[in-house]
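This briefing is for a reader new to the structure. Please have the sequence and the 3D view open while going through the points.

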Amino acid sequence: MINRWLYKQLWKTAPPLIRRYLKKRAAKSPAYLDNWDERFGAPLPDPVHQPIWIHAVSVGETRAALPLVTALRRYFADAPLLLTQMTPTGRAAAEELFPDAQCRYLPYDKPEWIEQFLSEHKPRFGVLMETEIWPNLIYGCAEQGVPLFLANARLSEKSQNGYLKIRRLVAPAMQTLSGCFAQTAADAERLHLIGASNVHVCGNTKYDITPPEGMRALAAAFKERIGNRPMVLCASTRAHKGTDEAGLLLKAWQQYQGDALLVIVPRHPERFQTAFDAAAGLGFTVQKRSDNELVSPHTQVWIGDSMGELFAYYLSADVAFVGGSLVDTGCQNIIEPIACGVPTLFGPSTYNFAAACNLAVKAGAAQQVKSAEEWLQAAAACLNDAKVGNRLRGNAEAFVSAHRGASDRMAYEIGKMILKYRNIAL
């Protein structure tokens, strides 16, 4: 089994492989070439000092951090804010959601780069969102006296089995965390098995998210462009092992009989054109959101080729399908459309949101489908029978309200642990 010494040795050879990987990603998404040096230990020219530091890998984790940061600022009102990410889309989301923060890429887990990062920022404390376990980073924080927390933590059975294979490396690092705040009791148990201690079950901060300012106005603008037609949204569609989820949905939509507009918003910008071409190839009349024109009454498919506007699409929709669930990528965030009061559907692959999906179905706030064909039937039922859509819509508010409060619970625990060293009572 891999240990810390061997892990450090591997990082002596890893950087060229990572550079090659990033260049390959950049062939489809050029933004991966931006701010390149930040990933490889280069110091920032003007690093923020002694910040609250939040690490959120990509868009979903960054959004989930927003209510937690709001809660933390009640205890640390004067502290500057540092947001780190690993993806260009995550960084763009952070710059939009946290305009007063310094945003940058977290360096990869080479010890020298981690030491440089921690030394130049000297964080008051750090929060890793969800499941971001970098052993050298965690060890480095412990060695430099930076309290580090794993927040909104989740761990699937598949991920647990992977970490158990390298438990000699992971467990000692996990034991140095100042706190671990799990979404569910099952997550807490899995985290404990890979070495985490001081684990608290606090819930999921994604229930605390509300549509960002301006999204309702943008949704109204979308409705004006679309007109009075009903809108069926397929959000955050993914591709996996050669299967394009948008393609599956489009093929099923060929059987639809009605005047609803199908709107497809791929999860990654490099898939925007692919979705457009797939729709056109199947004979649909297609437009893009980026053409900034009214949607023609003859248009059958509208491609949402924009980032950071997902709430506006949800608020515009009559029915929403959450992608990443017909292909085996574990589902995207089902809580957002439910919180927007839109009847919500999702597919069979749900390991990223297993608890939320199970609870939503039991509460009658969402419906699971097994295939694209079953999705079409369920979407049509919501459109054609007001009772079906109203039942899902009516259960949504109570479902979300029942699970709110995780951000406040996590912030309280962090504040208590940090402020006790200053002899300040909460």
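Glu61 touches Ala56, Met129 and Glu130, leaving aside residues up to four places away in sequence; contact here means heavy atoms within 4.5 Å. The model is predicted, so local features need pLDDT of at least 70 and side-chain atom pairs count only at pLDDT 80 or more, while totals for chains, interfaces and linings use all residues. Residues are numbered from 1 along each chain as its sequence is written, and side-chain values use heavy atoms, with hydrogens and water left out.

**Glu61**

- An unreviewed UniProt entry gives Glu61 the annotation "active site"; UniProt positions follow the numbering used here, feature names are shortened, and annotations may be inferred rather than shown by experiment.
- Glu61 sits in helix α3, which spans residues 59–72. Helices (H or I, at least four residues) and strands (E, at least two) are DSSP runs numbered from the N terminus.
- With a relative accessible area of 15%, Glu61 counts as buried. Buried means under 20% relative accessible area, exposed over 50%, and partly exposed in between (1.4 Å probe, protein chains only).

- The protein is divided into domain 1 (24–208 + 405–422) and domain 2 (215–403), with bounds that come from an automatic or database domain assignment.
- The C-alpha centres of domain 1 and domain 2 are 30 Å apart.
- In domain 1, 16 residues are in contact with 18 residues of domain 2.
- Between them, domain 1 and domain 2 bury about 1400 Å², with 54% of this on carbon and sulfur atoms. Buried area is the accessible area (1.4 Å probe) that two parts lose on being put together, summed over both.
- Arg63, Lys206 and Tyr207 provide 46% of the area that domain 1 buries against domain 2, more than any other three residues.
- Two salt bridges are found across the interface of domain 1 and domain 2. A salt bridge is a side-chain nitrogen of Lys or Arg within 4 Å of a carboxyl oxygen of Asp or Glu.
- Glu336 and Arg63 meet through their side chains in a salt bridge (3.4 Å, N to O).
- On the side of domain 1 that touches domain 2, the elements giving two or more residues are α2 (14–28), α3 and α4 (88–97). The largest share of that side, three residues, comes from α3.

**Annotated N-terminal domain**

- An unreviewed UniProt entry lists residues 35–209 as "domain: 3-deoxy-D-manno-octulosonic-acid transferase N-terminal".
- Over residues 35–209 the chain is 39% helix and 18% strand, and the end C-alpha atoms lie 29 Å apart.

**Salt bridges in the whole structure**

- The whole structure has 15 salt bridges.
- In one of the salt bridges, the closest N and O atoms of Glu38 and Arg91 are 2.8 Å apart. Glu38 is in the loop between α2 and β1 (52–55) and Arg91 is in helix α4, so this pair links distant parts of the chain, 53 residues apart.
- Glu38 and Arg91 are buried.
- Arg271 and Asp244 also form a salt bridge (3.1 Å, N to O). Arg271 is partly exposed at 24% relative accessibility, whereas Asp244 is buried at 18%.
- Glu309 and Arg289 pair in a salt bridge (2.8 Å, N to O). Glu309 lies in the loop between β13 (301–303) and α13 (310–316) and Arg289 in the loop between β12 (286–288) and β13, so the pair ties together parts 20 residues apart in sequence.
- Glu309 and Arg289 are both buried.
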